[in-house]
Every structure is written in structure tokens, then in C-alpha cells.
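Trainee: Could we look at this structure together? I would like to go through a few residues.

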Amino acid sequence: MPIHAITPSSPTQNSKNKFTFKKLLKNSVRDTGYAAAAFGITSAIAGANKKIKLHKNLAYLSGLFTLLHIGIIEYYKHRKSK
């Protein structure tokens, strides 16, 4: 009598660790939000200590991460509405 292979009904370990675009967006939203806040606070501290060049560079980074953060959120809302 031949023995047949057993197919698992639950997902395997490899499929649990798959990297999805939706997961990337959620992590990116969180990460860019925290990065924007951290660079903003650090920029304010540098400005208070009269380190103007550092203050400007950190402010630019904060603005960049803020725009990236808003862009990802808007893209996520756009995809969800479809």
C-alpha cells in the first residue's frame, strides 16, 4: 500500500515570514514619523545652542522625513479607497 505525502493545512514557516508591501508601508509610516519627530527635536536643541549649520541640516532632514511620512500615508489612503 503506497504512502501519500501529507500536505499541511496551515501555512509553513516560510510563508509566515514573507515580506509584504502592506507591512512595508505600515512600518515605513511609523519609522518616518519617528524620524521626523526626532530630527525636529534635535534641530530645536541645536538651534537653542546656537549651532546654526547643524540646526539647518537637521531641519531639512526633518522636513524631508515629514514629507515622506505624509506621502506614504496619502498613498496608503489612496490604495485603500480603491
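Mentor: Let us begin with Phe 39, which is partly exposed at 26% relative accessibility; partly exposed lies between buried (under 20% relative accessible area) and exposed (over 50%), with a 1.4 Å probe and protein chains only. This is a predicted model, where local features need pLDDT of at least 70, side-chain atom pairs count only at pLDDT 80 or more, and totals for chains, interfaces and linings use all residues. Residues are numbered from 1 along each chain as its sequence is written, and side-chain values use heavy atoms, leaving out hydrogens and water.

Trainee: How many aromatic pairs are there?

Mentor: The count is one aromatic pair. The ring centres of Phe 39 and Phe 65 are 5.5 Å apart and their planes are at 20 degrees, so the pair is stacked. Rings of Phe, Tyr and Trp (its six-membered ring) pair if their centres lie within 6.5 Å; planes under 30 degrees apart are stacked, over 60 edge-to-face, and the rest tilted.

Trainee: Which helices hold Phe 39 and Phe 65?

Mentor: Phe 39 lies in helix H2 and Phe 65 in helix H3, so the pair ties together parts that are 26 residues apart in sequence. Helices are DSSP runs (H or I, at least four residues), numbered from the N terminus.

Trainee: Turning to Ser 62, is this residue buried or exposed?

Mentor: Ser 62 is buried, with a relative accessible area of 12%. Leaving aside residues up to four places away in sequence, Ser 62 touches Ala 36, Phe 39 and Gly 40, where contact means heavy atoms within 4.5 Å.

Trainee: And where is Lys 50?

Mentor: Lys 50 is in the loop between H2 and helix H3, and counts as exposed at 68% relative accessibility.

Key
Helix = DSSP H or I, 4+ residues; strand = E, 2+ residues; numbered from the N terminus.
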